[in-house]
Amino acid sequence: MDADEALSPELAAEIVESFSDLDPEAGYLFPRKSYHLGRWIEHGGWYPDYQLRLYNKTKSQWNSAALHEKVEVKKVLKMKRDLLHWVFDNLSDQVLTNDRYSTLGAKQLAEAGESFSYFKMIFKPYGKFVETYFVKRGFQDGLPGFIISVGAAYSLFLKFAKLWEIERAKKSSG
């Protein structure tokens, strides 16, 4: 588990109850519920945010992704109870995290040969807001849901703006 996560009492009980029946070849996904802006966020694509947190380390391996590295297992099963997650300390922490992830995302796009596109920079953030706020019902989380959706859209905007910046820097130096 990450330092900002904790087992809910219900998840702890579920693990204890099923411990002898756990498949050593499997990794277990926990539905993660995040706390942000004074409440548990249950919509907008944030819940259930399944995370692989229980696995046999002799039967699994880590991948080497620069962003969101993960454990790879042969079989994936799900637990039913929540893993609790305190995702950001405050809005400033959210902004800094979005800035860091958008930089990594832009670098990944550049390394994959993706070219900057005005179309994507304009419409992908708009689409992300519509997806998280309306389609995935972020509006049901009140003002925090709106703030989260705007942040998600802005993070995508930053990723494409930074891709443009990377391409511009390459043209200037080359």
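I began with the nonpolar surface patch of about 740 Å² made by Tyr118, Phe119, Ile122, Phe123, Tyr126 and Trp164. For patches I took residues with over 30% relative accessible area and no salt bridge, nonpolar side chains (Val, Leu, Ile, Met, Phe, Trp, Tyr) being joined within 5 Å and like charges within 9 Å. A salt bridge here is a side-chain nitrogen of Lys or Arg within 4 Å of a carboxyl oxygen of Asp or Glu. Areas are by Shrake-Rupley with a 1.4 Å probe, only the protein chains shown counting as cover.

The model is predicted: local features need pLDDT of at least 70, side-chain atom pairs count only at pLDDT 80 or more, and totals for chains, interfaces and linings use all residues. Residues are numbered from 1 along each chain as its sequence is written, and side-chain values use heavy atoms, without hydrogens and water.

I noted that helix 3 (residues 118-135) gives the most to the patch, with five residues; helices are DSSP runs of H or I, at least four residues, and strands runs of E, at least two, numbered from the N terminus. Tyrosine 118 lies in helix 3 and is exposed at 56% relative accessibility (exposed is over 50%, buried under 20%, partly exposed in between; 1.4 Å probe, protein chains only).

I then looked up serine 115, in the loop between helix 2 (91-111) and helix 3. Serine 115 is partly exposed, at 48%. Its C-alpha atom is separated by 8.0 Å from that of glutamate 167, 52 residues apart along the chain.

Last, I checked lysine 33 in strand 2 (residues 26-36). Lysine 33 is buried, with a relative accessible area of 15%.
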